[in-house]
Protein chains: 2
Amino acid sequence: MDRAEGAVTAAVLIIGDEILSGRTQDTNLRDIARYLGAHGIDLCEARTVPDVHEEIVAALNALRTRYDYVITTGGIGPTHDDITADAVAAAFGVELHEHPDILAMMTARWGDELNAARRRMARVPDGGELVNNPVQGPPGFTIGNVFVLAGVPQIMRGMLQDVGPRLKGGAVVVARTVRVEGSGEGAIAAPLEAVAKAHPAMSLGSYPFYEAGGYGSNLVLRGRDPDEVEATVHELIAALQAAGIANITRVEG
Amino acid sequence: MDRAEGAVTAAVLIIGDEILSGRTQDTNLRDIARYLGAHGIDLCEARTVPDVHEEIVAALNALRTRYDYVITTGGIGPTHDDITADAVAAAFGVELHEHPDILAMMTARWGDELNAARRRMARVPDGGELVNNPVQGPPGFTIGNVFVLAGVPQIMRGMLQDVGPRLKGGAVVVARTVRVEGSGEGAIAAPLEAVAKAHPAMSLGSYPFYEAGGYGSNLVLRGRDPDEVEATVHELIAALQAAGIANITRVEG
């Protein structure tokens, strides 16, 4: 799919040694991708970097200057390896200060137990605004075109609900899936490509599967014009049938 | 953890619109991370890019010049959106040609049904060598310090078995986990940081959890010297206990 004129673009920056060691299976990228898609925003790139200051700063600066929005996940807790806020401040060339609203929340929550580690979580780069955390713990924040969210998936998803209303949306992408069973991609490729070439504004992809019950491919059609998407689904089914392919079904998702 | 002198480094490049649309949950990064870790290689960065030629070329060139190895996944099938081989050739400034071994395999498999789409999968950049595919379909390939693997997880994992023997290994990282239940990171942070500072050659990370049964954090200690890792586990448990933290258990993984 050609990037539409005026498309709104985004990147995700995943921060954390635990992802790069394979200890933790990331799911935040998929959740953010779906959330942005529902808001009509193109997720164009994702990077995963370790808990290393210079790496976070460099990746964030590369992404924030290239895309309309960047969403980061991870590294905003109270422990010594949580260095995202400092790195974001450095990327923007500003200082960090304890945010009075977070400090008030934390004082109410912790009282005498508000130690130095917990206070670290009150630090926000100058010029930043808070992102609501409806789940647990202190809020995230946003500065410039960057949104800084937690890494714990359920907290990340909660914070994400406060991101959408601040985004300028694009035209929502509509996706339809045509499932072919019992034929491989080698048979599907020619009719799929012919239909794809006739619709340059759309994206047609083939995602093969191999399961205990058989094999085949899910052909996913994505575009911003719902009428064109619908017409293309019919054209593709006709082209597959004309190529002698059977067991074609239209599925949800 | 400071990057050890002479550490062997790697990056992963995930290629595919389906990851960036949120349609597919990537699991290849985790599997490759664990595989590299078992070979003593530091996975330092991962990028996910769309099925766009210029994006793949730019990301691959950025990563292959910076790290000892790059492993790519996705985009090597027969359909029009499978453009990884062409992009890898472009990144290395070489041509692609049909590899005689792959062509022989495919001719044996397909006979008269060896169409143009399937033949695309026989194309390998000049100078490339094959990576065995024990699962299904044509092999992957390697050129320079780059390994080009399939995106389908079970095929990717199969190909990965032929990557390890070609890598120069580092010292394997040993990981141990101390689990704290019923205490938050705010209480854990100070003793954890003190122990981390005493062991700069190691990585100590805190990964909080919130479950139906309660909350707490898994503290993961990683290092290349098994004796130091073991000693640090004991130091950390003692430091946590001295800070008044209860419900500390040593867990596998």
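In this predicted model, strand 6 (residues 129-131) of chain A and strand 7 of chain A run antiparallel and are joined by 3 bridges, with A:E129 standing opposite A:T142 of strand 7. Strand 7 of chain A is also paired with strand 8 (residues 146-149) of chain A, again in the antiparallel sense and over 3 bridges, and here the bridge partner of A:T142 is A:F147. Strands 7 and 8 of chain A form a hairpin with 2 residues between them, and in the turn A:G144 has a positive phi of about 55°.

In a regular strand, side chains alternate between the two faces of the sheet. Within strand 7 (residues 140-143) of chain A, A:G140 and A:T142 point one way, whereas A:F141 and A:I143 point the other way, and all of these residues are buried.

Nonpolar side chains tend to be buried together in soluble globular proteins. The largest nonpolar core in the model comprises 96 residues, of which A:L13, A:L60, B:L13 and B:L60 touch the most other members. When neighbours within four places in sequence are left aside, A:L60 is in contact with A:L13, A:V70, A:A87, A:V88, A:A91 and A:V146.

A positive phi is also found at A:N247, a residue other than glycine, where the value is near 55°. A:N247 lies in the loop between helix 9 (226-242) and strand 12 (248-251) of chain A, and it is exposed because 12 other C-beta atoms lie within 10 Å. In chain B, B:N247 likewise has a positive phi of about 55° without being a glycine, and B:N247 counts as exposed, with 12 C-beta neighbours inside 10 Å.

Technical notes:
Residues are numbered from 1 along each chain as its sequence is written. Chains are lettered from A and ligands numbered from 1 in the order in which they are written. This is a predicted model: local features need pLDDT of at least 70, side-chain atom pairs count only at pLDDT 80 or more; totals for chains, interfaces and linings use all residues. Helices (H or I, at least four residues) and strands (E, at least two) are DSSP runs, numbered from the N terminus. A residue is buried if 20 or more other C-beta atoms lie within 10 Å of its own, exposed if 12 or fewer, and partly exposed in between; C-beta atoms are placed from the backbone. A nonpolar core is a set of buried Ala, Val, Leu, Ile, Met, Phe, Trp, Tyr and Cys residues joined through C-beta atoms within 7 Å. Two residues are in contact if their C-beta atoms, placed from the backbone, lie within 7 Å. Two strands pair if DSSP finds at least two bridges between them.
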